Amino acid sequence: MIHEAGAPDVSDGIVGELPRVAYTHMALLLRIGLGVSLALLVGSTLAYVIAQPDQSLSSLLNTNLAAPFLSLTGLFGGLATGSPEAFLTLGVLVLIATPVARVALGAYYFQRNGERIIAAVALIVLILLLVGLLLIGPYIR
Amino acid sequence: MAPPYRSPADWSYATRAFNLADSRRGIFLGEPLPHHVLLGLVLLLILLVAVGAGLVGSLAGLGGGVVLVPVLVILFGVPFPYAVGASLIAVLATSITTGSTYLQERLANLRIGMFLEIATVPGALLGATLILVLVNHNLEPALLVAFGALLLLSIPGSLTLRREELPQGVEPDGWSRKLHLEGSYHDERLGREVHYRAGRTPPTLGLMAGAGVVSALFGIGGGVVKVVALEKEMRLPMKVSTATSNFMIGVTVAAGASILLLAGYVNPVLAAPVAVGTAIGAYFGSLLLPRLTNRQVRWIFIPILAILAIELILQGVGLP
């Protein structure tokens, strides 16, 4: 084993890497999230194209299609009625949520590995994201 | 809710073609072409263009968003914030695709990546807020000029970046020691295990906050800034820098995309073909890259980036 300059000696006690299963689970989470999201996006785009009313490309590009579905009641209501726009919005939400869920899973594995500081760091990242959305969200909606 | 945005789509090439086909449908085929078929064709065209953008972006080493945003603005007349919104979704899909591979290979340093996300996430929230403020004050042309300038500036940077495989003489700082910002990986090419430690953590945090702002403001992953910060400031090995940067892009972009989605600038119908196309293009780019020489990459793709940059600046100053 060769150590680069600046890298720790064995006596420094390298902090243990996360177990391989943590990496595997995180990679799996990302792949499932991406797969579900892309399936929703592709399927509901096709449904939208077939079902959508006559409108110009210009108005389509400028329409806030996701707006009615950015609340829980709106989203579930849209999904229940089979609205392609609701499924499209769900696809986008799943894609955005996937790396956020990866941070949460990382926090869990660091905590389990006894690395409380980094687990706390991951929680801070999630809190920053949540607080940021709660603070900024009401002003733009 | 964002105010209604006046679209430049009316004069875009794609809209002109769409409107022409719409007004003349029936002339060539004998009977009117259904509207949804026309719309499907346009979305298919967007998907194919996104494949090209993903391909060029990955070959130029700049990521899909850098090419995608100007292409959506210039070719399809998509308003800048909508192009940024769609691009962020595409960057997210691409970074997840490659990020999962890097995780399985254990190249990404999770400890360093998660720590630096403390800076990139607020940066992205700030960048996304900034774009909304600028657009609401009709300063979109300034954004086009700024993006064009950023694109032009990144060209010489990508040409002159001489990457150091394994940095030597790295002195870990106090943060690095306390948080154990270190790691190891098996280097296939060198055929051995490599250990490394991070240095200069505070300036890296500052650069990461800047990378977050740039990411959300321009709809890009910001990988160029992140990789430079990890390599030049923290002095991480090249492969670890690339993998860790990619690891961080996901949650950074998610932060920016959330704000733009709430503001109404993520149009799912536009985002879907863009995300799928860019991911496909980036995948083929990664297959093609080893077969091309650096010289070929430069001669083919630098002019494309330069043309896009100049076109954006011209549009920004009102000379489409």
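This is a predicted model: local features need pLDDT of at least 70, side-chain atom pairs count only at pLDDT 80 or more; totals for chains, interfaces and linings use all residues.
Local features are described only where pLDDT is at least 70 and side-chain atom pairs only at pLDDT 80 or more, while totals for chains, interfaces and linings use all residues. Residues are numbered from 1 along each chain as its sequence is written, and chains are lettered from A, with ligands numbered from 1, in the order in which they are written.

**View 1. The elements of chains A and B.**
Let's start with the parts list. Chain B has twelve helices and two strands, and from the N terminus on they run α-α-α-α-α-α-α-β-β-α-α-α-α-α. Chain A comes to five helices and one strand, in the order β-α-α-α-α-α. (Helices are DSSP runs of H or I with at least four residues, strands are runs of E with at least two, and both are numbered from the N terminus.) Of the 320 residues of chain B, 59% count as buried; in chain A, it's 38% of 141 residues. (Buried needs 20 or more other C-beta atoms within 10 Å of the residue's own, exposed means 12 or fewer, and partly exposed is in between, with C-beta atoms placed from the backbone.) Now take contacts between residues at least 6 apart in sequence: 80% of those in chain B join residues at least 24 apart, and in chain A the share is 57%. (Two residues are in contact if their C-beta atoms, placed from the backbone, lie within 7 Å.)

**View 2. Where chain B touches chain A.**
This contact takes 76 residues from chain B and 65 residues from chain A. On the chain B side, the elements that each supply at least two residues include helix 1 (13–24), helix 2 (35–59), strand 2 (192–197) and helix 11 (268–288). Which helix gives the largest share of that side? That's helix 5 of chain B, with eleven residues. By class, the chain B side has 48 nonpolar, 19 polar and nine charged residues. (Ala, Val, Leu, Ile, Met, Phe, Trp, Tyr, Cys and Pro count as nonpolar, Asp, Glu, Lys and Arg as charged, and the others, Gly among them, as polar.)

**View 3. V92(A), with chain B residues around it.**
Zoom in on V92(A), which lies in helix 4 (residues 84–112) of chain A. It has 28 C-beta neighbours inside 10 Å, so V92(A) counts as buried. Leaving out residues up to four places away in sequence, V92(A) touches A66(A) in its own chain, plus I89(B), L261(B), V266(B), P268(B) and A271(B). V92(A) and G78(A) are 14 residues apart in sequence, and their C-alpha atoms are 15 Å apart in space.

Helix 4 of chain B has 25 residues and reaches 36 Å from its first C-alpha to its last, close to the 36 Å expected at 1.5 Å a residue. (The expected span is 1.5 Å times one less than the number of residues.) Of those 25 residues, 23 are buried, so helix 4 of chain B is largely enclosed by the rest of the structure. Helix 4 (residues 80–104) and helix 10 (residues 238–263) of chain B have axes that come within 8 Å and cross at roughly 150 degrees. The two helices are therefore roughly antiparallel. (Under 35 degrees counts as roughly parallel, over 145 as roughly antiparallel, 65 to 115 as roughly perpendicular and the rest as oblique.) Residues making this contact include G85(B), L88(B) and L92(B) of helix 4 and F247(B), G250(B) and A254(B) of helix 10. By class, the contact has 15 nonpolar, seven polar and no charged residues.

**View 4. Helix 9 of chain B against helix 10 of chain B.**
Here helix 9 (residues 223–233) of chain B packs on helix 10 of chain B at about 135 degrees, with axes 9 Å apart. These two are therefore oblique to each other. Among the residues that meet are K226(B), L230(B) and E231(B) from helix 9 and M238(B), T242(B) and I249(B) from helix 10. This contact divides into five nonpolar, six polar and two charged residues.

Most residues other than glycine have a negative phi. With 9 C-beta neighbours inside 10 Å, N138(B) counts as exposed. R200(B) has a positive phi too, near 45 degrees, and lies in the loop between strand 2 and helix 8 (201–218) of chain B. Its 19 C-beta neighbours inside 10 Å make R200(B) partly exposed.

Methods. Axes are lines fitted to C-alpha atoms, for helices over the stretch in contact, and angles run from 0 to 180 degrees between N-to-C directions.
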